[in-house]
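Open the model in your viewer and keep the selection panel at hand.

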Amino acid sequence: MARRPELMVMSGDLAGRRFTVPPAGLRLGRSSSNDIHVPDEELSRSHCVFECEGDDAIRVVDLASANGTYVNGEQLGSDARMLVPGDVVEAGAVRISVVAEGQTPPAVPTPVPGKVDLGLDSASAAGALATGQSAPAAKRSSLASILLAAGAVAVAAAIGIVLCFPGGGGGQSRPAQVVQAQDKTPPKLVSLSYEKVEADAARIFRYQMTVDPTGILRVVYDDVPSEDRHVDKSMKLSDRAAARIVELLTSKGWNELESVYSGPSASSENSLRSWRIRAIIGTKVREVTVENVTEPEAFATVREALETLSRNELGIWALQYSRDKLIELSADSARIGDSKWSERDVEYGNLSAGVKAYREAVFYLETVNPKPEGYAGLKEKLVRAEAELEARYKDQRFLADKAINLGDWETARRELRVLCDMVPDKDDQRHIEANAKLVDVENRMKKAKKKGGAR
């Protein structure tokens, strides 16, 4: 089985350090929050990120850095690049070699005799490689200028040939037909990572929302030690929600944001308030970080929409409330549950309403730790009410099915209506089943009535 390559730093203070890329990725940049932190002014705060690809490969993605990320001397741009052992990644003055696990990187290659001199000053470039320094940006620019000029000459020559000989080898010219394929397929959400952190000496709050390449939405929520709340939930992201995320992260406002908004801590040096959103849509990577400053309006709009979407998808919207508020909401629902339970024989739907209220009361306390007094008794009330509802539903269904088997359609209709009233939630499978039978019985009665009238 192939093993995932590793990264070895070849220059600077971290020279000789090896890094294994974890599933969450490995971030390189000037900020101390990065996994590979290098205080180099040529680096952006978050410059690039190394990610896992499958079980045995890695790739590098530039995070819209100011000076760019290079692989084997070629600038990445906004596209990800798969890496194999032997590749060399350059970011600022940092050189990183991609090596097979457990292997030592090969020596720096010497210039090949007979190479065409493109004005890069081969001796200087070779010296820079030998000392672990990256080639100057001006050299890259010189190479780019030469290549662009050569490309322009080639294009001009090709245009001249087409204009002079439009018909090819034949004597009669034919108009050229240009067919441009337009891909109208909307861009696909590849991955998303949104992290919100509020921390100081007394409290750490962290909310992380991710969507992986398989479409799994996951939210991890921690608020310690004051609230002592922890949530970790995941599920398959719906197509509707994925489309909404793509819409948000391809909007004009989002694309006009800068990559980093940063300022000093507002309260003390030992505090942090940050938001970071990073997404890959199609082949495009976009990351925006806001740290210790007021959020730009466009960023806040996207962030709030992502939080709402994740709460709705996973059913964790109670996270927005404090511990005290959740306990208060739970107590209110429990009182409704007790009232409906005591009146369960007054109306058919009261028992179902009691079950719903008890479920809400328990739900509000799921993320509360430690659990308040009475939580265990509340769960017992829910179990008792659910069992009572199920027993009554089965008894009532027996009466309805008996009438159907006897062809007593009037009685069957009456008993089925009671069933629907007993479980009024239209999404409940018991209601769906009873309502389907009711529709069938009423159709039979209409047919019998028409048949009798025809006689």
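A salt bridge here is a side-chain nitrogen of Lys or Arg within 4 Å of a carboxyl oxygen of Asp or Glu. The model is predicted.

**Stop 1: salt bridges**

Select Arg 392 and Asp 345. Their side chains form a salt bridge, with 2.7 Å from N to O. This pair ties together distant parts of the chain, 47 residues apart. Arg 392 belongs to helix H8 (residues 375-406), while Asp 345 sits in the loop between helix H6 (323-342) and helix H7 (350-364). Are the two residues buried or exposed? Asp 345 is exposed, at 61% relative accessibility. Arg 392 is partly exposed, with a relative accessible area of 25%.

Next, select Glu 195 and Arg 206. Here the salt bridge spans 2.9 Å, N to O. Glu 195 is in strand E12 (residues 189-199) and Arg 206 in strand E13 (residues 204-211), 11 residues apart. Arg 206 is partly exposed, at 26% relative accessible area.

Move to Glu 74 and Arg 81. Their side chains meet in a salt bridge at 3.6 Å, N to O. Glu 74 is partly exposed at 49% relative accessibility. Arg 81 is also partly exposed, at 25%.

Now select Arg 27, Glu 51, Glu 53, Arg 59, Arg 278 and Glu 287 together. Salt bridges link these residues in a network. How many salt bridges does the structure hold? The count is 33.

**Stop 2: strand E11**

Select residues 94-99, strand E11. Of its 6 residues, 6 are buried, so the strand is largely enclosed by the rest of the structure. The cut-off for buried is under 20% relative accessible area.

Show the side chains. In a regular strand, side chains alternate between the two faces of the sheet. In E11, Val 94, Ile 96 and Val 98 point one way, and Arg 95, Ser 97 and Val 99 point the other way.

Met 8 has Ser 97 as its bridge partner in E11. Zoom in on the hairpin of E10 and E11. It has 2 residues between the strands, and Gly 92 takes a positive phi near 60°.

**Stop 3: the sheet of 5 strands**

Which order do the strands of this open sheet follow? It runs E4-E3-E5-E6-E9, with mixed pairing. Strand E4 (36-37) and strand E9 (81-83) stand at the edges; each has a single partner strand, so one side of each lacks a neighbour in the sheet. Select E4 with strand E3 (residues 26-29): the two run parallel, joined by 2 bridges. Gly 29 finds its bridge partner in His 37 of E4.

**Stop 4: the sheet of 7 strands**

This open sheet has the order E15-E14-E13-E12-E17-E18-E16, again with mixed pairing. Its edges are strand E15 (229-236) and strand E16 (260-262), each with a single partner strand. On average, neighbouring strands are turned by 5° against each other, direction ignored.

Select strand E17 (residues 272-281) and strand E18 (residues 284-291). They pair antiparallel over 8 bridges. Ile 281 has Lys 284 as its bridge partner in E18.

Finish with helix H3 (residues 239-248). H3 lies across E12, E13 and E17, and runs at about 75° to E12.

Technical notes
Residues numbered from 1 in each chain as written. Predicted model: local features only at pLDDT ≥ 70, side-chain atom pairs only at ≥ 80, totals over all residues. Heavy atoms only, no water. Buried < 20%, exposed > 50% of the residue type's maximum accessible area, 1.4 Å probe, protein only. Helix = DSSP H or I, 4+ residues; strand = E, 2+ residues; numbered from the N terminus. Pairing = 2+ DSSP bridges. Axes fitted to C-alpha atoms, helices over the stretch in contact; angles between N-to-C directions. Contact = heavy atoms within 4.5 Å.
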